[in-house]
Structures are given as structure tokens and as C-alpha cells.
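User: I should like to learn how to read the features of a protein model, one at a time. May we work through an example together?

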Amino acid sequence: MSHIRQAQKEKTRQALLAAALHHLEEQSLSSIGLREITRTVGIAPAGFYRHFRDMSDLGVALVDEALGGLHELVRETLATADGPEQRISRTVELITKHVRAHSAHIRFVSREQHGGVRAVRTAIAAQLGLFAQEVADTLRDEPDSAGWSEGEVRMLAELYVDHMVTTASALLSALDGEGRDAEEVARTARRQLELINVGHRHYRSET
């Protein structure tokens, strides 16, 4: 019986997350009421607290859904790519696939990165910081980074991550039929990353 109850609890939790994501297509997290979510799911408002402390806690869970599963894929992409050119191509392909498959989640992250819910902003920043560390771990061992300080390697890694975020946002606009199409966004992203890579090769450390 406990197994059945646990399965039902997880099902309700996922329904709450899905309902929130649906409302977040058009609204910010700070503008959504808890009762809107529970009404959509068909449970009493008190039932919400069996799964989340508050709406901020739900928002943090959505951030984890949106970005948490990407870390293993990013690490694999960085570890198996044969040189910068292949890494660039695979990175853009990974971002494109993820945005297409999880557009609602990525739209939520894009909107809430600078939104009004502090806990969610902090969670997004922490996830992006992890990505930057994963990229830095790869860049540190490359010949072009020889003599670079830890701060310089981290700075370059954050530049790559910032570019990933910008590309994801541009891909969302393309999927919404705004601005450039997705192929053009991906092509531009690859060229921009190639320019960053040129800078990596020719930068002279100040240390």
C-alpha cells in the first residue's frame, strides 16, 4: 500500500509541476497564485503543501527539471569531442535539441533568470555556475590555456555559458516564429563560438 501511495504522491507532484509550467507559458511565477495551480490539477489548496513548501519551492523544482539533466550530457559532449570544432558543433546541436524538446521549461528559465522570485534566480544562477565549472574543467587542460590563471579559465567558461543561454533564447524566439529561423540561429551560434575559440587561441595571459 505504501508503494501505491508513494506512486500517487509522485503523480500528483508531477501534475502540479506540469500545471505550473502551463500557466507559466503566459505568466511569470510571481504572478501565479497557488490556487490557480491546484484548481488545474483538481486538488484542494492544502494538498499543495504535501509536495512543495511554497510557490518558490515549486519554481526551484522546475529549474532542476529544466537544467539538472543537462549536466551529464554537457560533460559527455565536452569529454568526447575531438577538438574545438567538433565540440562547437556538438554543443550547438545539444542546445538546439534540448530547447526543441523542453521549450516550456527553457522559456520559464529565460523569463525567471532575472525575475522577481529570489530563490528561483538563485537556483538558475547555481545551475549556470555548474555548467561554467564543467566547461572550465575541460578548457583548463587544453594547450591553448597553458599559463592561464584559474580566474581567466573561469572567465572564458562563463563566456561560453553566457553564449549558450543567449542561443537558447534565440532558438525559443525562432520556435515562436519570431526573428531568424532555427537553422540560421544555429549557424550564427557556431560562427560566434568559432570567434570565441580564436580569441582563446590568441589570448595572452596577464599572469
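Predicted model: local features only at pLDDT ≥ 70, side-chain atom pairs only at ≥ 80, totals over all residues.

User: Which residues have the most contacts inside the largest nonpolar core?

Analyst: In soluble globular proteins, nonpolar side chains tend to be buried together. In this model the largest nonpolar core has 59 residues, and L62, L67 and F108 are those with the most contacts inside it. Helix 9 supplies the largest share of this core, 11 residues.

User: Why does this core lie between domain 1 and domain 2?

Analyst: The place of a core is read from the domains that give residues to it. Both domain 1 (1-52) and domain 2 (54-202) contribute residues, so the core lies between them.

User: Is helix 7 mostly covered or mostly uncovered?

Analyst: One counts the buried residues, where buried means under 20% relative accessible area. Helix 7, residues 103-112, is mostly covered, with 7 of its 10 residues buried. These are A104, H105, I106, R107, F108, V109 and E112. They pack against helix 1 (2-24), helix 4 (55-68), helix 6 (84-101), helix 8 (118-139) and helix 9 (150-175).

User: How does one check the span of helix 6, and what covers its buried residues?

Analyst: The expected span is 1.5 Å times one less than the number of residues. For the 18 residues of helix 6 this gives 26 Å, and the end C-alpha atoms are 26 Å apart, so the two values agree. The buried residues of helix 6 are R87, I88, T91, V92, L94, I95, T96, H98 and V99. Their cover includes helix 4, helix 5 (70-80), helix 7, helix 8, helix 9 and helix 10 (182-202).

User: How many aromatic pairs does the structure hold, and what is the geometry of the pair F48 and Y49?

Analyst: Ring pairs are described by the distance between centres and the angle between planes. The structure holds 3 aromatic pairs. In the pair F48 and Y49 the ring centres are 5.6 Å apart and the planes stand at 80°; planes over 60 degrees apart count as edge-to-face, so this pair is edge-to-face. The rings of F48 and F52 also have centres 5.6 Å apart, but their planes are at 45°, so that pair is tilted. F48, Y49 and F52 form one aromatic cluster. F48 counts as buried because its relative accessibility is 0%, and F52 is buried as well.

User: Where does UniProt place the feature "DNA-binding region"?

Analyst: Such a feature comes from a record, and the model then shows the fold of the span. The unreviewed UniProt entry places it at residues 33-52. In the model this span is 60% helix and 0% strand, with its end C-alpha atoms 14 Å apart. The annotation "domain: HTH tetR-type", also from an unreviewed UniProt entry, covers residues 10-70. That span is 69% helix and 0% strand, and its end C-alpha atoms lie 22 Å apart.

User: Is S145 buried or exposed?

Analyst: S145 is found in the loop between helix 8 and helix 9. With a relative accessible area of 5%, S145 is buried. Apart from residues up to four places away in sequence, S145 touches L139, R140 and H200.

Terms used
Residues numbered from 1 in each chain as written. Heavy atoms only, no water. UniProt positions renumbered as here; feature names shortened; annotations may be inferred. Helix = DSSP H or I, 4+ residues; strand = E, 2+ residues; numbered from the N terminus. Phe/Tyr/Trp six-rings, centres within 6.5 Å; stacked < 30°, edge-to-face > 60°. Buried < 20%, exposed > 50% of the residue type's maximum accessible area, 1.4 Å probe, protein only. Contact = heavy atoms within 4.5 Å. Core = buried A, V, L, I, M, F, W, Y, C linked by side-chain atoms within 4.5 Å. Domains from an automatic or database assignment.
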